[in-house]
Amino acid sequence: MRLCDICRKEEATRVESVAMGGVTREYAYCEACFRAALAAGRKPCDVAEERLSRIGFECPDCGYTVEDFNSSYLFGCPACYDNMRSVARDEIKKLYSRAGGASPVIQPLSGAQRELVREYVVSSRVRLARNVSGLPFPKRLIQLAEQRGLGAEERAGIRSLLSGALLASEGVFDAELYRMDELDNLKKKMLVERHIISLPLANHPLGAVIIESGQKQEISVMLNEEDHIRAQCVHAGLDLDGAYKKLHKYDLGLSKRLRIARSGELGYLTACPTNVGTGMRASVMVFLPALALTGRIEGALERLRRDFGTTVRGYYGEGSGAAYDMYQISNADTLLLGEEDTVRLVECAAMEICAAETVATRDLLSSEKTKLYDRLERSLGNLLHAHTIEADELLSRLADVRFGVRIGIFSYDLAVIDAIIEDCASAFEILSDGISAEQRGVRRAEIVRERLGAK
């Protein structure tokens with residue numbers, strides 16, 4: 001069967017031989033494309049020649065072009081990796097040639113090293129990006145909906161995505177599905193602040209989220225964000241292995257219920273080429289106040305980037321600055337390392353930065369102990385006696401108290417301090433939407449005094 005040279009989808013019903021510059025070329029058309037060309041006042045052969053010249057530079061499955069990719073750095077659908085093969089492979093080669101350097105030696109942490117890291121790691125997170133074959137990526141779905149409306153096949157694909165992702169949770173966690181178009185803005189803002197969904201997902205008309213029900217809420221799954229599926233599992237403290245194993249069970253369920261887009265050459269196919277391969281990001285949130293106070297933080301983070309190829313983000317994720325002296329350390333490579341090696345890599349990077357934090361803490365206590373204790377005690381006193389406090393100051397003061405707990409001068413439960421951050425720093429601004437800024441500051445201070453007043 002020969003396909004139409006114009007749409008490259010339908011079976012050709014007409015064949016035309018055309019002489020051009022002394023060379024005879026043969027073109028094939030389906031009836032619809034042939035008639036559409038004539039209705040537009042054009043020769044079908046001219047339209048076909050234009051379309052043939054674009055092979056390799058556009059995707060007939062979703063209509064995305066190399067120009068679209070260059071403007072957004074996102075592909076339109078999983079088939080783009082084959083239909084624009086040279087574009088995709090060249091870009092991936094550039095990514096990894098820019099990374100350069102030798103691969104670090106990756107070995108499991110010893111018991112002593114694990115204890116060192118555990119002291120500084122607040123949480124561990126593993127995230128997987130997955131997509132469904134035959135369905136345009138979420139950004140392209142929005143474009144198609146605006147241009148021509150979604151077809152029956154695309155709407156069916158979205159329904160299958162939502163139901164398959166929900167069913168994959170069976171036997172792994174108790175799940176609840178929420179569609180973005182059914183949530184009010186207050187609920188969506190709360191989910192953003194609690195790192196369960198991203199702002200782009202909150203604004204996506206086709207977006208949804210699956211949340212683990214109950215107290216833990218370790219797993220959440222964003223649907224139709226940048227990728228069809230962005231599943232994450234977060235565990236308290238140093239537990240990348242536990243988070244990975246739980247999320248891996250969910251991933252196995254996905255592969256049974258959905259046709260996940262995967263290439264034998266590139267691994268899992270994602271909207272952005274930076275995620276192809278495992279589609280996995282493993283990260284730890286580490287508390288590094290001593291490196292910040294000694295001015296060594298940037299040098300230490302740069303060594304991680306150079307020696308381990310990690311990326312570093314702030315407390316609120318990509319694009320955010322450091323807050324509360326928290327830094328998120330994660331892998332940059334998703335293609336050359338397997339999933340378990342990725343976990344080991346991030347653990348080794350965490351061990352390196354935590355060892356530097358230990359040295360910085362020792363140096364502070366050795367050379368500036370009185371000054372340090374004065375700072376930390378003043379911050380606690382301010383929190384215990386303030387009658388109004390802004391969110392930014394609260395973060396700074398609580399970072400000092402958390403540091404004081406770590407070096408043994410305060411005896412608070414760190415979970416209490418972290419809960420204050422969640423409840424009063426950012427999400428509180430949303431939950432207190434109906435009161436003035438002054439009243440929010442007063443209420444914030446009241447909550448802090450109540451929780452820190454009883455040790």
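The legends below describe close-up views of a predicted model. Residues are numbered from 1 along each chain as its sequence is written, and side-chain values use heavy atoms, with hydrogens and water left out. Because the model is predicted, local features need pLDDT of at least 70 and side-chain atom pairs count only at pLDDT 80 or more, while totals for chains, interfaces and linings use all residues.

**View 1. The nonpolar cores.**
The largest nonpolar core has 93 residues. A nonpolar core here is a set of buried Ala, Val, Leu, Ile, Met, Phe, Trp, Tyr and Cys residues joined through side-chain atoms within 4.5 Å; buried means under 20% relative accessible area, exposed over 50%, and partly exposed in between, with a 1.4 Å probe and protein chains only. Those with the most contacts inside this core are Val 221, Leu 223, Ile 229, Tyr 250, Val 284, Ile 329 and Leu 398. Helix α14 (residues 339-367) gives the most to this core, with 12 residues; helices (H or I, at least four residues) and strands (E, at least two) are DSSP runs, numbered from the N terminus. A second, separate core of 21 residues includes Phe 75, Ala 88, Ile 92 and Val 276. In soluble globular proteins, nonpolar side chains tend to be buried together.

Neighbours within four places in sequence are left aside for Val 284, which is in contact (heavy atoms within 4.5 Å) with Val 121, Ser 123, Ser 124, Leu 238, Leu 240, Tyr 327, Gln 328, Ile 329, Val 346 and Ala 350. Glu 347 is placed in helix α14 and counts as buried, at 1% relative accessibility. Not counting residues up to four places away in sequence, Glu 347 touches Leu 109, Arg 114, Leu 240 and Asp 241.

**View 2. Strand β5 and its partners.**
Strand β5 (residues 208-212) is mostly covered, with 5 of its 5 residues buried. Ala 208, Ile 210 and Glu 212 lie on one side, Val 209 and Ile 211 on the other, and both faces are covered. Strand β4 (residues 175-179) runs antiparallel to β5 and is joined to it by 5 bridges; two strands pair if DSSP finds at least two bridges between them. Ala 175 stands opposite Glu 212 in β5. β5 also pairs with β6 in the antiparallel sense, over 4 bridges, and the bridge partner of Ile 210 in β6 is Val 221. The hairpin of β5 and β6 has 6 residues between the strands, and in it Gly 214 takes a positive phi near 100°.

Most residues other than glycine have a negative phi, and most peptide bonds are trans. Arg 8, not a glycine, has a positive phi of about 55°. Arg 8 is found in the segment before β1 (14-20) and is buried, with a relative accessible area of 18%. For Asn 224 phi is also positive, near 65°. Asn 224 lies in the loop between β6 (219-223) and β7 (229-236), and its relative accessibility of 0% counts as buried.

**View 3. The second largest pocket.**
This pocket has a volume of about 510 Å³. On a 1 Å grid over the protein atoms alone, a pocket is an open set of points with protein on both sides within 12 Å along at least five of seven lines, a cavity is a set of points where a 1.4 Å probe fits but cannot get out, and lining residues have an atom within 4 Å of a point. Grid points are joined across faces, edges and corners, and a volume is the space filled by probe spheres set on the points. Of the 23 residues that line the pocket, the closest to its centre are Gly 134, Leu 135, Pro 136, Glu 153 and Glu 154. Helix α8 (residues 152-167) supplies the largest share of the lining, 5 residues. The lining divides into 11 nonpolar, 6 polar and 6 charged residues, where Ala, Val, Leu, Ile, Met, Phe, Trp, Tyr, Cys and Pro count as nonpolar, Asp, Glu, Lys and Arg as charged, and the others, Gly among them, as polar.

The whole structure holds 2 cavities of 30 Å³ or more.
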